Amino acid sequence: MMKHPATAHVDLIPGNCFGTFKLPDEVAFVTDRGEGSNLWTTDGRRLIDFVLGSGPMMIGHGHPRVVSAIQEQAARGTTFYAMNDVAPRLAARIADMVPCAEAVKFVGDGAQATFYSLRLARAFTGRDLVLKFEGAYHGHHDYALHGLNPEHGTNYPVARPDSAGIPGAVSSTILVAPYNDLETTTQLIEPVADRLAAIIVEPVQRSLLPRPQFLAGLRGLCSRTGALLVFDEVVTGFRLALGGAQEAFGVEPDLCALGKVIGGGLPLAAVAGRRDILELTIPGRPEDGRSVYMSGTLNGNAIAAAAGLATLDVIAEENGPARLVEIGSALARGFEDCAYRLSVPLQMIGPPAFADPVFGDGEIYDHRSYTATNRAAAKQFGIELLKRDIFVHPASKIYISTAHNYDQVEVACKAAYEAMGSIRDRGLVE
Ligand SMILES: Cc1ncc(COP(=O)(O)O)c(C=O)c1O
């Protein structure tokens, strides 16, 4: 059989995937195009898209406002290295929306945003240690890839790398603590408080909601020890509220990492936060040993900034976060109803905008209680949904866009009923 021209060469890409996301062969597909909340595959299937490019496409694919912004900017030029006239407007929009954003520096992706947040924190405080939480994802760089998915749990605060190729010297600068456990975090920090540069946290870790006072407690710990509080808002930014998790939970970090939606689907991310910290990046500032090298050929790329600005405009005009709550809540209620009818122990954990279907009983509040749930059932549930043309990341978040509608929720719930029935019949859940 002739291969589709687009699929003929995918074997040249090791793993046939762009990163760690690889679907099993039985449900793998090649994307032809996306429109709104739908994707079409090269073999002609139409899928309802609950992955949304892993988050960036919060207003759906090919939104006319974003398409025209990209076209207009493309005709004016793509990237100049010198300052352009779009990125400052995006920075102003971010500063209007995000409480901590006194200043904004653009980078290329979410990992760069967390990487630079940590470099800035270390330079500002003159300290080396960074505390992160077990199970938190902050991107692909060496500092972030610790305690992400430890097989046997971390011996707190010892940091174990999640990839080969990370030098031990890097691991010795990272501490790992249990998410949502302020008492243990405080105890781990006490002996090293004068060496701690930052606490970095996903305010909603994956889909785990923070317990009341957890984020405020971290704020207090940082203020007391002189460490900086860094919120990784790559997922929560503009999605939980226009001002992100810091607005939703009323806790202001010193710095935050923004990504995904701010590039409207093009590569763009940012570090936003306190001006006195971000000004350490000003080229040629007086040399005091704290100047931070921050650079990148495509930083602030004009097309990505134009796409991001159009996206944020639409999100603000349509009150995007509220729409995600409406649609996401309907989906979560629908899935829970299926589970009730089938006597399957499903919990839709996390905020409606990106809830995660989890099979198991009891409170799920940290990485260990999450991994103790039935992961095999969650994975197979996602695969069964994919077989029914519902595109989800198996055993992960279900991203909602403002382009989803109630008819699609109904279709997804019907598929979820069959998918749950299938995993129950296979004996994966009792
Ligand atoms: C919370 C969080 N931080 C950082 C990142 C890294 O962003 P990027 O993939 O754009 O480098 C991700 C990516 O999924 C993320 O979910």
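Two residues are in contact if their C-beta atoms, placed from the backbone, lie within 7 Å. By that rule, L182, T186 and I189 of helix 5 meet F214, G217, L221 and T225 of helix 6. The model is predicted.

**Helix 5 with helix 6**

- The axes of helix 5 (residues 182-189) and helix 6 come within 10 Å and cross at roughly 15°.
- Angles under 35 degrees count as roughly parallel, so helix 5 is roughly parallel to helix 6.
- Helix 5 passes helix 6 in a right-handed crossing.
- The contact of helix 5 with helix 6 divides into 4 nonpolar, 3 polar and no charged residues.
- G220 also lies in helix 6.
- G220 has 15 other C-beta atoms within 10 Å and is partly exposed.

**Helix 1 with helix 9**

- Helix 1 (residues 64-76) packs with helix 9 (residues 302-317) at an angle of about 155°.
- The axes of helix 1 and helix 9 are 8 Å apart.
- Angles over 145 degrees count as roughly antiparallel, and helix 1 and helix 9 are therefore roughly antiparallel to each other.
- The crossing of helix 1 and helix 9 is right-handed.
- Helix 1 contributes R65, V66, A69, I70, Q73 and A74 to the contact.
- Helix 9 contributes A302, I303, A306, A307, L309, A310, T311, D313 and V314.
- By class, the contact of helix 1 with helix 9 has 11 nonpolar, 2 polar and 2 charged residues.

**Helix 12 with helix 13**

- The axes of helix 12 (residues 375-387) and helix 13 (residues 406-425) cross at roughly 135° and come within 9 Å.
- Helix 12 and helix 13 are therefore oblique to each other.
- Helix 12 passes helix 13 in a right-handed crossing.
- On the helix 12 side, the contact residues are A377, Q380, F381, E384 and L385.
- On the helix 13 side, they are A415, A416, A419, M420, S422 and I423.
- The contact of helix 12 with helix 13 has 8 nonpolar, 2 polar and 1 charged residues.

**Ligand shell**

- The ligand is surrounded by 14 residues.
- The closest are D109, G110, A111, G139 and V234.
- Helix 3 (residues 110-125) supplies the largest share of the shell, 3 residues.
- By class, the shell has 5 nonpolar, 6 polar and 3 charged residues.

- P210 is found in the loop between strand 7 (196-201) and helix 6 (214-225).
- P210 has 23 other C-beta atoms within 10 Å. The cut-off for a buried residue is 20 or more, so P210 is buried.
- Leaving aside neighbours within four places in sequence, P210 is in contact with N180, P203, V204, L215 and F249.
- P210 and G350 are 140 residues apart along the chain, and their C-alpha atoms are separated by 9.5 Å.
- Q213 lies in the loop between strand 7 and helix 6.
- Q213 counts as exposed, with 12 C-beta neighbours inside 10 Å.
- Phi of Q213 is near 80°, a positive value in a residue other than glycine.

**A322**

- A322 lies in helix 10 (residues 320-342).
- A322 has 12 C-beta neighbours inside 10 Å and counts as exposed.
- A322 and L240 are 82 residues apart in sequence, and 8.5 Å apart in space from C-alpha to C-alpha.

**Backbone geometry elsewhere**

- Most residues other than glycine have a negative phi, and most peptide bonds are trans.
- N16 is a residue other than glycine with a positive phi, near 50°.
- N16 sits in the segment before strand 1 (31-35).
- N16 counts as partly exposed, with 14 C-beta neighbours inside 10 Å.
- Y156 and P157 are joined by a cis peptide bond, with omega about -5°.
- P157 is found in the loop between strand 5 (129-133) and helix 4 (168-171).

Terms used. Residues are numbered from 1 along each chain as its sequence is written. This is a predicted model: local features need pLDDT of at least 70, side-chain atom pairs count only at pLDDT 80 or more; totals for chains, interfaces and linings use all residues. A residue is near a molecule or strand if its C-beta atom, placed from the backbone, lies within 6 Å of it. Helices (H or I, at least four residues) and strands (E, at least two) are DSSP runs, numbered from the N terminus. Ala, Val, Leu, Ile, Met, Phe, Trp, Tyr, Cys and Pro count as nonpolar, Asp, Glu, Lys and Arg as charged, and the others, Gly among them, as polar. Axes are lines fitted to C-alpha atoms, for helices over the stretch in contact, and angles run from 0 to 180 degrees between N-to-C directions. Angles under 35 degrees count as roughly parallel, over 145 as roughly antiparallel, 65 to 115 as roughly perpendicular and the rest as oblique. A crossing is left-handed if the near helix is turned anticlockwise from the far one by less than a right angle, and right-handed if clockwise.
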